[in-house]
Every structure is written in C-alpha cells, then in structure tokens.
Amino acid sequence: MEGKLTNSCNFSGVKPIMADLPYPPVQVQDRNPAYANLLQEDYCGAVSELSAVAQYINNENRISQEDCSLARTLLGIAMAEMMHLQKLGELICLLGGKVCYESVDYRGCRKLWTPGYLDIPEWKEQMILADIQAEQDAIRQYKGHIRVIRDRCVNAVLERIVQDEEYHIMLLENLLDQCRK
C-alpha cells in the first residue's frame, strides 16, 4: 500500500508583504530607451526582481516542510517582488523598451537572465542572510538608477519599491534573530 506525501504547510491567504503605503501611478514623462535599459537591469539582471522572485520561491519550497511560518513569509515577500517586476515591466514599455529576459550592462553587452544569478545556500540561516544581501544589493542598485534617471514619475515608482525592499530587510533581520535563538 502506497502512502501519500503532502506538504503540511498551508499557503492559503498569503498576501504580498510590503510597506503599507500606496504606489504612485505607473507613468513616465517621456519615452527614453536609455532609462528602459536601466530598468531592464532591475527587471532581469543579476540583481533584479526576477532573481528575487526565483530565489524567494526556491527558498520557500525548500524550507516549507521544516518551518511553515518562515516559508509563508518568504512567499509573501516573493509576491511583493512579483508586483515590482510587473511595475518595472510597465515602465519599460512606457519608456519605449521591450520586456524580455535580457539586460544590457554598462558596456552595452546583452546578458540573458540565468539562475546562476541566485544565491541558494543549504541552511535556513544562510538563506535568510542571502536574502538580506540580495535586498541590500537591490536597494543600492535602485538608488544608483534614481540618481541617473531624470524622470520624476519613474523615480517615484523606484523610490516606492525601495521602501518595500527596506521593509523586507527589517522582516528578514527579525527572522534571522529568531533563527539564532
């Protein structure tokens, strides 16, 4: 007689975990393919929302049998990162760019997104540390792009995304503290 294996972690009701603030409208002042290229890096570069979604979902899947509460939190953060990905895609299109899984680096070299961009450690504490590092890297990249982009509409959306990333770091640091106790 064969038994059934099921995941005992219940994910119903999980919602995106983000700062409790509204998003500005997704709009641009003018078409600008150079800005679209910068946002493409945020969309699917090494440090990107696509990478964040993949990393959080991978960690959530691997940890769900051991720590359901943490897995639910990681899924909620992944859902917020999916929303960021969607907003960036809208901005890229409005700026005259093309949404794809290819970014252009500062030298003009095209790079396809790859799971090689992910940091997938084995242990729970290391996973959380990798997620914190990824959030910090994203904030640094967004702030760099905000300094370069001269479109107040685009920057308003990026600044709002940064607020979510900062909130995620705070949550992850609390989770890390709980793991270490």
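Good morning. Cys-153 is buried, with a relative accessibility of 14%. Its sulfur lies 16 Å from the closest cysteine sulfur, that of Cys-93, which is too far for a bond. Please bear in mind that this is a predicted model.

Cys-179 is likewise in no disulfide: the nearest cysteine sulfur, in Cys-68, is 14 Å away. With 25% relative accessibility, Cys-179 is classed as partly exposed.

How many disulfides does a search of the whole structure find? The search finds one. The bond joins Cys-9 to Cys-68, with an S to S distance of 2.0 Å. The link between Cys-9 and Cys-68 is right-handed, with 80° about the S-S bond. Cys-9 is located in the segment before H1, whereas Cys-68 belongs to helix H3, residues 68-94, so the pair ties together parts that are 59 residues apart in sequence. As for accessibility, Cys-9 is buried at 7% relative accessible area, while Cys-68 is partly exposed at 28%.

I turn now to the helices. The axes of helix H1, residues 33-44, and helix H4, residues 124-148, come within 11 Å and cross at roughly 175°. Angles over 145 degrees count as roughly antiparallel, and H1 and H4 are therefore roughly antiparallel to each other.

Which residues of H1 and H4 meet? From H1 there are Tyr-35, Leu-38, Glu-41 and Asp-42, and from H4 there are Gln-141, Tyr-142, His-145 and Val-148. By class, this contact of H1 with H4 comprises four nonpolar, two polar and two charged residues. Thank you.

Key:
Residues numbered from 1 in each chain as written. Predicted model: local features only at pLDDT ≥ 70, side-chain atom pairs only at ≥ 80, totals over all residues. Heavy atoms only, no water. Axes fitted to C-alpha atoms, helices over the stretch in contact; angles between N-to-C directions. Helix = DSSP H or I, 4+ residues; strand = E, 2+ residues; numbered from the N terminus. Parallel < 35°, antiparallel > 145°, perpendicular 65-115°, else oblique. Contact = heavy atoms within 4.5 Å. Nonpolar A, V, L, I, M, F, W, Y, C, P; charged D, E, K, R; others polar. Disulfide = S-S within 2.5 Å. Buried < 20%, exposed > 50% of the residue type's maximum accessible area, 1.4 Å probe, protein only.
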